[in-house]
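Here is a short briefing on one protein model. Please look over the sequence and the structure before reading on.

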Amino acid sequence: MTLAVLASGRGSNLAALLDAFPGDVRLVISDKPDAAALDRAREAGITAAHVPFPKGGRATFEAQVQALLDTHGVTLVLLAGFMRLLSADFTGRWRGRILNIHPSLLPAFPGLHAQQQALDAGAAWSGCTVHFVDAGMDTGDIILQKRVPVLRSDTADTLAARILTAEHEAYPQAVRLVRAGLAFPRPTPDDLRAEFGDQAPPHASVRQVRAARLLQQWGRPEAVPAVLAGAPHPVAALALATDDLRLAWTTDAPLNERHATWADRAPLRARAQALHLAEEFDAAVHVTAHEWERTTL
Ligand code: GAR
């Protein structure tokens, strides 16, 4: 994947992305001429472009950004501290290929000053969210969240620093999920029909679609209608459980709860063996085992 990062400020998430994906970030764009993110990009030898965002000039800004993305063959756009709303036209063109990170557990505390909003609300926990971008303010489908405690002694700055550490882990993880085809926006009825034909129900969750794809990889297409319809079926149930297991590390649940989910893999593997799917099960879990270890050990 060829990545572009849009940033308005300091660029610490950009730095985390550069570390995680050396050579893949080809373009950094900022609406602010003096953004530190542009300096970071130049230091890393990456094209750094200032594109002004004049008052009432969003269409011009987006046209210039689109031209740069095309020129550099970008396939995934990452907003990292980019503080502007993009149009439905632009975000629709990039649907499923444009991500943002936000310093709260959305849908709580969208918009500006998310950390101060958490303090003002007396929240015991906050964190960060990586989500697909649509035309709303921090409203797109969520990819993953990380939770951090809010301490009684916190100021907005100390809370922001704790959240930022979580952001630097979360953003690369979310990108890896998208790259692996495990994260995508909630499917529309048209998406479902295009992928699964006339047998597709009008609505299915991202989790059901991931499980349906697993079943196809496993050579068990007969269980696909059951998994999409939520009907009981032993192989469909295994695919759903395997999907939960491989994504357990992406939740904002406490570590002991995630460990408990991960510990379930022994009985699940036994079930897979009974259904002659042990190898397929191992391969599916392997996709995220490395990520699990990075995150939790
Ligand atoms: C990060 O905390 C990011 O979540 C936030 O701006 C900061 C950018 O830091 N983004 C938003 O609030 C978007 N609504 P960085 O420039 O060091 O990556």
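**A buried glutamine, a sheet and an annotated site**

Gln66 is buried, because its relative accessible area is 13% and the cut-off for buried is under 20%. The model is a predicted one. The points below start with Gln66, then turn to strand β1 and to the positions that UniProt marks as "binding site".

**Gln66 in its helix**

- Gln66 belongs to helix α3, which spans residues 58-71.
- Beyond its neighbours within four places in sequence, Gln66 is in contact with Phe90, Arg93 and Trp94.

- Strand β1 covers residues 3-6.
- In a regular strand, side chains alternate between the two faces of the sheet.
- In β1, Leu3 and Val5 are on one side, with Ala4 and Leu6 on the other.
- All four of these residues are buried, and both faces of β1 are covered.
- β1 runs parallel to strand β2 (residues 25-30), and four bridges join the two.
- β1 also runs parallel to β4, again with four bridges between them.

**The annotated binding site**

- An unreviewed UniProt entry places the feature "binding site" at Arg58, Met83, Arg84, Leu85, Leu86 and Asn100.
- From this set, Met83, Arg84, Leu85, Leu86 and Asn100 are part of the lining of the largest pocket.

**Met83, from that set**

- Met83 sits in the loop between β4 (76-79) and α4 (88-93).
- Met83 counts as exposed because its relative accessibility is 57%, and exposed means over 50%.
- Leaving out neighbours within four places in sequence, Met83 is in contact with Ser8 and Leu112.

**Arg84, from that set**

- Arg84 lies in the loop between β4 and α4.
- Arg84 has a relative accessible area of 30%, so this residue is partly exposed.
- Not counting residues up to four places away in sequence, Arg84 touches Asp31, Lys32 and Phe53.
- With Asp31 there is also a polar contact: the side chains of Arg84 and Asp31 meet at 3.0 Å.

Note on methods: Residues are numbered from 1 along each chain as its sequence is written. This is a predicted model: local features need pLDDT of at least 70, side-chain atom pairs count only at pLDDT 80 or more; totals for chains, interfaces and linings use all residues. Side-chain values use heavy atoms; hydrogens and water are left out. UniProt positions are given in the numbering used here, feature names are shortened, and annotations may be inferred rather than shown by experiment. On a 1 Å grid over the protein atoms alone, a cavity is a set of points where a 1.4 Å probe fits but cannot get out, and a pocket is an open set with protein on both sides within 12 Å along at least five of seven lines; lining residues have an atom within 4 Å of a point. Buried means under 20% relative accessible area, exposed over 50%, partly exposed in between (1.4 Å probe, protein chains only). Contact means heavy atoms within 4.5 Å. A polar contact is a pair of N or O atoms within 3.5 Å; within protein, one must be able to donate a hydrogen and the other to accept it, and residues adjacent in sequence count only if both atoms are side-chain atoms. Two strands pair if DSSP finds at least two bridges between them.
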